[in-house]
Amino acid sequence: MSEKEFEPNIIAFTCTWCGYPSANLAGVNKIPYPANVKIIRVMCSGTVDPAMVLEAIENGADGVIIIGCLIDNCHYVSGNKKAEERMERLKKLFDIVGLDSRRIRTEWINASERVRFAKTMNEFVQQIREIGPAPRMPKLVKEALTNEKIQKEVKRLIEDTGAFDCVECGKCTTVCPVAKYDTEFAPRTIVIRSMEGLVENLANDKDIWTCSTCEICNSMCPYKVDYSGFIQGMRAQARQLGNYPICSQGGLIQSFMRFMANADLPQKRLEWMTDDLKISDKGDVFYFVGCIPHFDAIFGDREELGLNKIPQSAVKLMNAAGITPVVSNSEVCCGHDLIWTGDEEDFLKLMDKNLKLIKESGAKKVVFSCPECLRTFNMDYQDFAGDLEFELVHLSDYLLNLINEGKLKFPEGTGKLSATYHDSCRLGRHSKIYDSPRDLIKAAGINLTEMQNIKDKASCCGVSAWMSCNSTAMRLQMERMQEAKSTGADCLLTFCPKCQIHLSCAISKELPIDKEKVDIPTKDMVVALAELLESK
Amino acid sequence: MTDDTSKGNEGEAIGVFLCGCKGEISKFLDLDAIKDLISRVPKVKSIGIHEALCSREGQEYLKEEMKKHAFDRVVVGACSPNIQGIIVGKALEESGLNKYLFEQVNIREQCAWVHPEKEIATRKALALVNGGIHRVQMLTAMEDIPISILPAALIIGGGVAGMQAALDIARAGFKVHLVERTKELGGRAYKLSMTFPTHNCGICCMQYCKECVFTPKIEDVLQEKNIDIMLNSEIEDIEGGFGNRHVKVNTPEGAKEFDVGTIIIATGSKTFDPKRIPELKYGHPDVLTTVELEQLIVKEREKGTGVKRPSDGKTPKTIDFIQCVGSRDKTKGNLHCSLVCCTYAIGQARELKKLIPDADVYIHYIDLRGPYRGFEEFYDAAKQEGIQFVRGRVSDVSAKDGKLSVRAEDTDAGTLLGIDSDLVVLSVGQEPAEGSDKIVKMLHIQTDIDKFMKDINPMFPPELRRGIYVIGCAQGPKGIRYSVDDARTAAAEAIRIMHDGKVMMPRITARSDEYKCRGCGRCVETCEYEAISLVDDGKGGRIAKVDEIRCEGCGACAAACCNKAMILAGYAIPQVRETVKGVLEEVPP
Ligand SMILES: Cc1cc2nc3c(=O)[nH]c(=O)nc-3n(C[C@H](O)[C@H](O)[C@H](O)COP(=O)(O)OP(=O)(O)OC[C@H]3O[C@@H](n4cnc5c(N)ncnc54)[C@H](O)[C@@H]3O)c2cc1C
Ligand code: SF4
Ligand code: SF4
Ligand code: SF4
Ligand code: SF4
Ligand code: SF4
């Protein structure tokens, strides 16, 4: 498509009180503007969810403009201000992913400003014309799913994961943290239902999305059934049958991943880099950052999180040991949240991109700070792509090694911080890394006080792959935070940025119990270590 | 595309109607082509084109079609749903269609009238109609919410506006609670000795006189037994929603509490504090505001001692009025024009000239504004009487050895003036009354850019006004007459809804999905109207619950909910998604 031929599709979300009437008046006064603009009326500019904007792009829009009442003049007092804040965060995210934030615009137009309405539309259409078309998602060509096909697939899954050996002892349900609060949920019955092999079961089964895949059941099952593997596979089938999970942020996070999978976009994911950090394009050690820059933008209103400090700290620690890691702007999301929400197709695309990128960098070792990325490479990539040519190391092991080799040293007398440690499921039960973080804590001079449930029995942060964050999740989070608080430690350390987000989210607003019982800050381990390194 | 718990794809028999609008649409769009393509969309049972759907014949036609096809959803492609859409919707509702299962897309204002190329306009109209078809399949039938209106009113502020409203409502037989923060009724107008347009009338509006026989009178208010007057009183708190609000007032006799169905806000305005513009030397004894000059004139009138300047008791011979003090200049005060000060200053200038015939009276103005009948004559008379009008801004007032000097431009003559002045009068503008921000917060009132309260457009139906009316100068500067007008219209509507005792409110409200809600309270924090609370979920946790009557349906809570457990009826993510999809799909599959 040549530049000249390109006619963008523009969705204009207009509020009922000013945006929509201003368009009406433009009409009454016959003030022309490009037909590219299609208006969708909403109650208030503040009704517009970031997910609606991204979905509009996903469904074929090239630009989205939101029109509300003048600031300070909102029919709903402050809806436009809220919209503006949300859209600013979304714009940041658009730039990180490479979708170009100029595709989103907010404009505050009074009901009487018909000329301004038309003028704004002209300008916006022109701007999007210049930017060019938004990336298009490939149309899903759905293979006709037959009962037999699904049954075959499920049967294969049952065999592969050992679910066949299930003797219905119910151990998994007894230990399952979700089942503890959600009385309708029982891991065992999902296995049983699937053995009945009914397609309808799978198409309507909400329980397969409820499982937090924390793998407590795996570690407790006497017959070593790979329950979470079974769930992962079942989800891919369910999705094909139109059975979708309930996703946090309206599915925004997964949507961005799909864009990364399906288009080569000019990302800006290294905005967290600072001048004092040393990174390179080629080298032996590749540091895989993961989705942190995205989360930093999405949760930009939760300042206490400071997520971008995680990659900064990781590089700082490596630099301190004389290592200049490869960090790439072309890295894409590992795909963890796609495969766990059943989107195998896009997951594989992300995997291919990452594997190619790492290969090109010449790295022999990939270091991860994020437990999910590690698990995904280690298990899922190797499952689909066979053995990888490079070594996969978690930062805890990596740093510990550097300390043992004498390359990394923490200043003496730092032992002022007292902390407790949360084993995230992806690092602990999924990757079996329990001791290195603890050794690292000791080496850095942190006073560790353990919680009641640790290592393979550690409780869950409640949410995985950004779905099913409901009251059960809240209860799990309360439970975990209570445990953490009762250690008397100053903070709760964890390696998983999502555990940090979810656990701190749970205690940040209204609480069903006394705030004092759960009031302990959650901190990323990498950040804490880097701070200790710098403290004198 | 990952969140899909809400139902969709509902509706088995969709009816589509396209309106030609007597040529206004049919001349600019190819409606037949649209009909042709749309008829291929599954579930669309029939498409009709009519010349004018909102006409009597059009409404009959809709009803017949409804009878014939028993549509369960209807899409209309016509004008703006805000105007004639209401008529079309009514006709469909009368034939048994639930009003929430109907969608009107705007192919007139948004297509026919703004895209001159027929083919392009037609293609867009097709897209919009298709969007509508997608949308109706995502809608669910709902009923309006009946809201009871208590038969009592609260009036905040006992100025001319508040008093008029109190009288009207009380005389219609409803209880009125009138709260006034000062020790007396009357407000600003009571303190003005000569008001425009009568000019020579004394305490206008407060007494019987031939000009203002219809304005409220303090005496009448005091006599009316249905009015409970609370003087020296302040609103402490107001809780509740449309039709039923609990009010707490601090009175000298202690706290008073009562419930009301309607609220009228008549808090008026306060004058601009000229200390905020140091160049004007307010604080010098001979620099007065118009309000202070008023008191001098009143004193003169009562005692007949003549107007004397405060510093040395001498009769001023050169008097300078400075207009727009604190008005029409955002950097020094407010951007808005205070509307009454030009008229008022001219009145005072004429009065002074009458009392001191040999005085030079200057009025320094930017341009004169008096959007009232009779203003031009008033201004003309002032000129005849020798008042000197100087167009141009005053840069400053200096005070050397106690002598005042006004430095001003005369843009008509193109000169800079330095006038030695005996008395400088500042025409101070108006700002919202003290503490009105508290009322704004309590009642979730929209404010204007100038921070005055906004009254919801009186043309809107009562359900959109929530039983709260802002009248008089609380809305912004205006004259007495207009303040009284406001009072009467607001009172009329308050009386009507209290008389009916009930208002039907559209169910475009938020609700939380129990299965998804985690009780985090983010929505509670976001809601401007305090419509959401967390309630026990019976399992040791909490979930959000929306008070439908308080909810205004803005959807801010839904966007704030991380887990999308909060849903605004009609605007859930899947509903918006499907509409957008339909619009972008252009030609139906
Ligand atoms: C200097 C000046 C000159 C004017 N000259 C003219 C003129 O010549 N002709 C003309 O037509 N108009 C004139 N006006 C305008 C006129 O005064 C107003 O239109 C009129 O007073 C408005 O009446 P109101 O009841 O809305 O407000 P107000 O008269 O201001 O009365 C408001 C009342 O509410 C009370 N109040 C405020 N806040 C609270 C609260 N929180 N709780 C309880 N009580 C509260 C106040 O004490 C006051 O009694 C002039 C205005 C000014 C400032
Ligand atoms: S614990 Fe293992 S064997 Fe027992 S029911 Fe669960 S999956 Fe089956
Ligand atoms: S825990 Fe908080 S951040 Fe995490 S998914 Fe739930 S609501 Fe969102
Ligand atoms: S009414 Fe006259 S003096 Fe008052 S702000 Fe308007 S222009 Fe200025
Ligand atoms: S924001 Fe969402 S999850 Fe939180 S309380 Fe409100 S509805 Fe429930
Ligand atoms: S829709 Fe708006 S008014 Fe209603 S509960 Fe939500 S935030 Fe409050």
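**Figure 1. Salt bridges over all chains.** A search of the whole structure finds 81 salt bridges over all chains, a salt bridge being a side-chain nitrogen of Lys or Arg within 4 Å of a carboxyl oxygen of Asp or Glu. The model is predicted: local features need pLDDT of at least 70, side-chain atom pairs count only at pLDDT 80 or more, and totals for chains, interfaces and linings use all residues. Residues are numbered from 1 along each chain as its sequence is written, chains are lettered from A and ligands numbered from 1 in the order in which they are written, and side-chain values use heavy atoms, with hydrogens and water left out.

**Figure 2. Contact between chain A and chain B.** The contact takes 74 residues from chain A and 73 residues from chain B, where contact means heavy atoms within 4.5 Å. About 6,300 Å² is buried between chain A and chain B, 55% of it on carbon and sulfur atoms; buried area is the accessible area (1.4 Å probe) that two parts lose on being put together, summed over both. Between chain A and chain B the count is 8 salt bridges. In one salt bridge, the side chains of A:R475 and B:D537 meet at 2.6 Å, N to O.

**Figure 3. Salt bridge between B:K564 and A:D49.** The side chains of B:K564 and A:D49 meet at 2.7 Å, N to O. B:K564 lies in the loop between helix 15 (556-560) and strand 28 (566-568) of chain B, and A:D49 in the loop between strand 2 and helix 2 of chain A, so the pair joins two chains. Helices (H or I, at least four residues) and strands (E, at least two) are DSSP runs, numbered from the N terminus. Both B:K564 and A:D49 are buried. Buried means under 20% relative accessible area, exposed over 50%, and partly exposed in between (1.4 Å probe, protein chains only).

**Figure 4. Surroundings of A:T47.** A:T47 is found in the loop between strand 2 (37-42) and helix 2 (50-58) of chain A. With a relative accessible area of 3%, A:T47 is buried. Not counting residues up to four places away in sequence, A:T47 touches A:V42 and A:M52 in chain A, and B:C554, B:G555, B:A559, B:L568 and B:Y571 in chain B.

Figure 5. A residue is near a molecule if one of its heavy atoms lies within 4 Å of it. Ala, Val, Leu, Ile, Met, Phe, Trp, Tyr, Cys and Pro count as nonpolar, Asp, Glu, Lys and Arg as charged, and the others, Gly among them, as polar. Around ligand 6 are B:A510, B:C527, B:Y529, B:A531, B:I532, B:C551, B:E552, B:G553, B:C554, B:G555 and B:C557. The shell of ligand 6 has 8 nonpolar, 2 polar and 1 charged residues.

**Figure 6. Helix 13 of chain B.** Helix 13 (residues 480-500) of chain B has 21 residues and reaches 30 Å from its first C-alpha to its last, close to the 30 Å expected at 1.5 Å a residue. The expected span is 1.5 Å times one less than the number of residues. Residues buried in helix 13 of chain B include B:I480, B:V484, B:A487, B:A491, B:I495 and B:M498. An α-helix has 3.6 residues a turn, so residues three or four places apart point the same way. Among the elements of chain B that cover the buried residues of helix 13 are strand 6 (152-156), helix 6 (160-171) and strand 24 (502-505). B:G501 follows helix 13 of chain B and has a positive phi, near 75 degrees.

**Figure 7. Helix 17 of chain A.** Helix 17 (residues 344-361) of chain A has 18 residues and reaches 26 Å from its first C-alpha to its last, close to the 26 Å expected at 1.5 Å a residue. Its buried residues include A:F347, A:L350, A:N354, A:L357 and A:S361. Cover for the buried residues of helix 17 of chain A includes helix 13 (252-262), strand 5 (285-288) and helix 18 (371-385) of chain A. After helix 17 of chain A comes A:G362, whose phi is positive, near 80 degrees.

**Figure 8. Loop residue B:L335.** B:L335 lies in the loop between strand 15 (318-325) and helix 10 (341-355) of chain B. At 57% relative accessibility, B:L335 counts as exposed. Leaving aside neighbours within four places in sequence, B:L335 is in contact with B:R328, B:D329 and B:K330.
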